[in-house]
Amino acid sequence: MNRKLNTAELLLVVATVLFLVGYIVYPLLKLVVIARPNLEAVHLLTKKQVITACINSVLLSVLSVVVCALIGTYFAYTFHFKNIVLRKVLTMIILLPIAIPPITGVISYLFLLGDNGLVMKVFSIHNISFTGFKVILAIHLYSFYPLFYLFTGNALKAMDNSIVEAAHTLGGSKTKIFFSIILPQLRPALFGAALLTFMASLASFSAPFIFGGSQRFLTTEIYYAKINGDTALSALLSLLLAAISIGILLIFRLYGNDIPTVGRTKGTAKTMVRGTNGKLNAWPTVITILFCLIILLPIISLFIISLAPENFMMSDDLNFSLSWHNYLLLINNDDFLQPFFNSIKTSLVAVGFTVIIGLSVAYILHEWRFFGKSIFEAISTLPIWNTGDSDSHLPDFKFQSTHYFCF
C-alpha cells in the first residue's frame, strides 16, 4: 500500500517501532556492550568447553526435531486414518504434555526416575543414574512431540483425500502413497513444527539443568557463568545463543520460501472417512494406549508424591500411607492464593500486550510496503526464537530484558 498514513496509523507505526527498538534491539545491543570490554579477561570456560556446549545444544535440538517429528506424525496419521478405540480420551492424553508447564514435566520426571524417584524405590535400583543427554532428549520428546501432532493433524484434516483414494484405486501401496502423496502435502506443517521445536529445544534450560549431569549446554553455562560472577562471559554466551538461533531461523526462512503453503487441488477438498465398516485397527490401538500410559506415568508419580509424607524422597522406607495432609497444609497457608493471583495477573497482562503488539506488527507488515520491511519482520520475530522454558528464570543480568537471549 503506497497511500499516505493518517494520524492514527502513523501513531501506530511509531509506537510499534519504539516498542521493538526498546524491548528487543536495545537489550541485544546492551549484551554486546557488556561482553565486549572483557573479551580478553580470564573466564571459567575454555574455547573447547564453549564449543562442546554449542555442539550439545544444537545436536539436542536436531535430535528432538527428528524424533518428535516421527512420534507426532505417526499419531496424527494414526488418528486420522485408523479406527482407534476411545479416540476422544486418547486424543486428550496425547495432547496433555502441551498443557503442562515445562517445570512440571521436568519435576514429574525427577520424582519418577530421579535418584530417589518412585521407580528407584519400588524396584530397589541403586546402580543406575537417569541423567545425561538421553534423559534430556526423552524429556524434550515428552514436551515437544504434540507440536508435530497438532500441525500435521490439522494438515491431514485439510488435505484432499480424493487424491489418496485415486492412488489406492490405481494400485498404489500404502507406503508409496504416504511418501509420494501425503508427505509432500504435510511439508508446510512439518516445517512449522520443526522450527518451533528446534528453537524451544535450543533454549531449553530446566531439563539440562536438572538432568544434564556433566554434559554442557549453552543455557546452563550462561547460568553458571552468571552465578559465578562472570557477567561478561554470561553475556557473551547469551550472544552466541542468540546468534545460533538467528542463523537457524534464517536457514529455515530460506528453505521455507520454496515450500507451498496450500495444496494443489481444485474444488472442495474431500474429507476423510475412517476405516471400513467400523472395523477396529488393533495394533494402532494397542500402541496408542501403551504410549498414553507412558505419558501419564510422570503425572501419576507427581500426584502420588504430593500425597506422601514429608521427606519421603529422602527416605528408603516404602511403608507409608497416602493422605491429603500436604494439601490441607497448603490450603491453610495464608499466602496460598497469592501465587495463583500473581500468575493469572501476569498472564493477562502479557496476553494483552502480546495481542496489541502482535496485531500491530501484522497489520503493518500486511498493509504497507516500505524499505527495510524484511528487517522489521526479523526484529519483530526475534523474541520467540530466543525464549525457552517458561520456568527458566535465570538471575537478573542487571540490564533490561536481556533474558530474551538467555533462556
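Predicted model: local features only at pLDDT ≥ 70, side-chain atom pairs only at ≥ 80, totals over all residues.
**Nonpolar patch**

The largest share, 6 residues, comes from helix α13, residues 282–307; helices (H or I, at least four residues) and strands (E, at least two) are DSSP runs numbered from the N terminus. The patch covers about 1,000 Å², and its members include Tyr74, Val85, Leu86, Trp283, Val286 and Leu293. Patch residues have over 30% relative accessible area and no salt bridge; like charges are joined within 9 Å, and nonpolar side chains (Val, Leu, Ile, Met, Phe, Trp, Tyr) within 5 Å. A salt bridge is a side-chain nitrogen of Lys or Arg within 4 Å of a carboxyl oxygen of Asp or Glu.

Val286 lies in helix α13 and is partly exposed, at 38% relative accessible area. Leu86 sits in the loop between α2 (47–81) and α3 (87–94) and counts as exposed at 55%. I noted that Leu86 has a positive phi of about 55° although it is not a glycine. Buried means under 20% relative accessible area, exposed over 50%, and partly exposed in between, with a 1.4 Å probe and protein chains only.

**Asn56**

I moved to Asn56, in helix α2. Asn56 is buried, with a relative accessible area of 10%. Its side chain makes a polar contact with the side chain of Gln215 at 3.4 Å. A polar contact is a pair of N or O atoms within 3.5 Å; within protein, one must be able to donate a hydrogen and the other to accept it, and residues adjacent in sequence count only if both atoms are side-chain atoms. Leaving aside neighbours within four places in sequence, Asn56 is in contact (heavy atoms within 4.5 Å) with Phe133, Gln215, Arg216 and Phe217.

**Cores**

I found 67 residues in the largest nonpolar core, where Ile94, Phe148 and Ile182 have the most contacts inside it. Apart from that core lies another, of 10 residues, among them Val13, Ile24, Ile357 and Ile364. A core is a set of buried Ala, Val, Leu, Ile, Met, Phe, Trp, Tyr and Cys residues joined through side-chain atoms within 4.5 Å.

**Whole chain**

I counted 17 helices and 0 strands. Of the 407 residues, 39% count as buried.

**Basis**

Residues are numbered from 1 along each chain as its sequence is written, and side-chain values use heavy atoms, without hydrogens and water. Local features need pLDDT of at least 70 and side-chain atom pairs count only at pLDDT 80 or more, while totals for chains, interfaces and linings use all residues.

Methods. Areas by Shrake-Rupley, 256 points an atom, 1.4 Å probe, with all protein chains shown as cover.
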